[in-house]
Amino acid sequence: MKFFLVLLLTFTPLLAESPEWKHQTFQHQETTLPYASLRQGPADQKLPLVLFLHGAGERGTDNQAQLKHGMQELLAWSQKADQPCHILAPQCPNGIWWAQVENYRSPEELKFNESQPMLDALLALIEATAKEHQIDTKRIYLTGLSMGGYGTFALLAKSPDTWAAALPICGGGEAATVERFQDVPIHIVHGEDDSVVPVTLSRHLYQALQKVKAPEAHYTEHLLTDHDSWTMTYRNPQFWEWMFAQKK
């Protein structure tokens with residue numbers, strides 16, 4: 001069964017002046033993680049935190065490419081909605097994934113590896129950020145696209161208590177793990193005609209969440225859309241409004 005939700009209200013990123021991104025490097029055990037961070041709001045106020053995981057095309061070490069998708073739209077919405085937030089946008093090195101995975105195109109056979117040093121580094125980065133800055137730990141949000149969508153599902157399964165909500169776009173995960181994060185509000189998004197990451201992955205995960213009666217699981221399938229289902233999603237304020245409304 002297909003589930004379709006057509007959301008037509010979009011916005012164009014604003015050109016208003018924004019705080020500047022800070023480009024830093026985080027070291028966790030043997031993992032070196034470049035990341036960009038931006039705090040849009042008072043330094044002495046506890047702000048919600050958003051962790052954004054980019055796709056495979058933005059991997060590298062320049063600590064810039066990961067800002068290509070989604071972040072301009074988030075900042076534009078944040079300014080327009082007057083919603084302060086703290087953003088973390090790490091960059092995955094070339095040659096690896098956020099979450100190492102086998103059979104990544106098969107809904108039934110997909111499996112994440114046991115050892116996940118990148119996920120460990122991401123969770124350590126969040127912990128370090130919460131210690132250094134005023135962060136509302138009841139409002140830590142997770143979103144990612146393509147490879148970052150896989151990373152989103154892997155992080156949900158690895159550390160479900162961390163997240164107030166998740167927005168995985170055109171990714172995939174292990175259906176057998178959904179019981180671990182069934183209580184985390186989640187909105188899964190995919191393109192109907194995705195030629196890179198099969199849409200059956202997201203359908204399968206949503207159906208698994210329905211089977212365990214996840215109380216706050218949503219699914220949007222963009223009609224006549226190939227792999228890039230993130231642009232229309234991140235430009236639609238309804239997704240950000242839903243995410244920031246969630247709280248543990």
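How many of the twelve residues of helix 3 are buried? The legends below take up this point in a predicted model.

**View 1. Helix 3 and its surroundings.** Eleven of the twelve residues of helix 3 are buried, so this helix is largely enclosed by the rest of the structure. The buried residues run through Met147, Gly148, Gly149, Tyr150, Gly151 and Thr152, and they continue with Phe153, Ala154, Leu155, Leu156 and Ala157. From its first C-alpha to its last, helix 3 reaches 16 Å, which is close to the 16 Å expected at 1.5 Å a residue.

**View 2. The largest nonpolar core.** This core has 49 residues, and those with the most contacts inside it are Leu51, Leu155, Leu156, Trp163, Phe181 and Ile186. Among the elements that give two or more residues to this core are strand 2 (31–40), strand 3 (47–53), helix 3 (147–158) and helix 4 (199–211), while helix 2 gives the most, with eight residues.

View 3. Leaving aside residues up to four places away in sequence, leucine 156 touches Leu142, Trp163, Ala166, Phe181, Val184 and Ile186. A second, separate core has 28 residues, including Ile87, Ala165, Cys170 and Tyr234.

**View 4. Helix 6 and its cap.** Helix 6, spanning residues 237–244, is mostly covered, with six of its eight residues buried, namely Pro237, Phe239, Trp240, Trp242, Met243 and Phe244. The N-terminal end of helix 6 is capped by asparagine 236, of which a side-chain oxygen lies 2.9 Å from the backbone nitrogen of glutamine 238.

Note on methods. Residues are numbered from 1 along each chain as its sequence is written. This is a predicted model: local features need pLDDT of at least 70, side-chain atom pairs count only at pLDDT 80 or more; totals for chains, interfaces and linings use all residues. Side-chain values use heavy atoms; hydrogens and water are left out. A nonpolar core is a set of buried Ala, Val, Leu, Ile, Met, Phe, Trp, Tyr and Cys residues joined through side-chain atoms within 4.5 Å. Buried means under 20% relative accessible area, exposed over 50%, partly exposed in between (1.4 Å probe, protein chains only). Helices (H or I, at least four residues) and strands (E, at least two) are DSSP runs, numbered from the N terminus. Contact means heavy atoms within 4.5 Å. The expected span of a helix is 1.5 Å times one less than its number of residues. A polar contact is a pair of N or O atoms within 3.5 Å; within protein, one must be able to donate a hydrogen and the other to accept it, and residues adjacent in sequence count only if both atoms are side-chain atoms.
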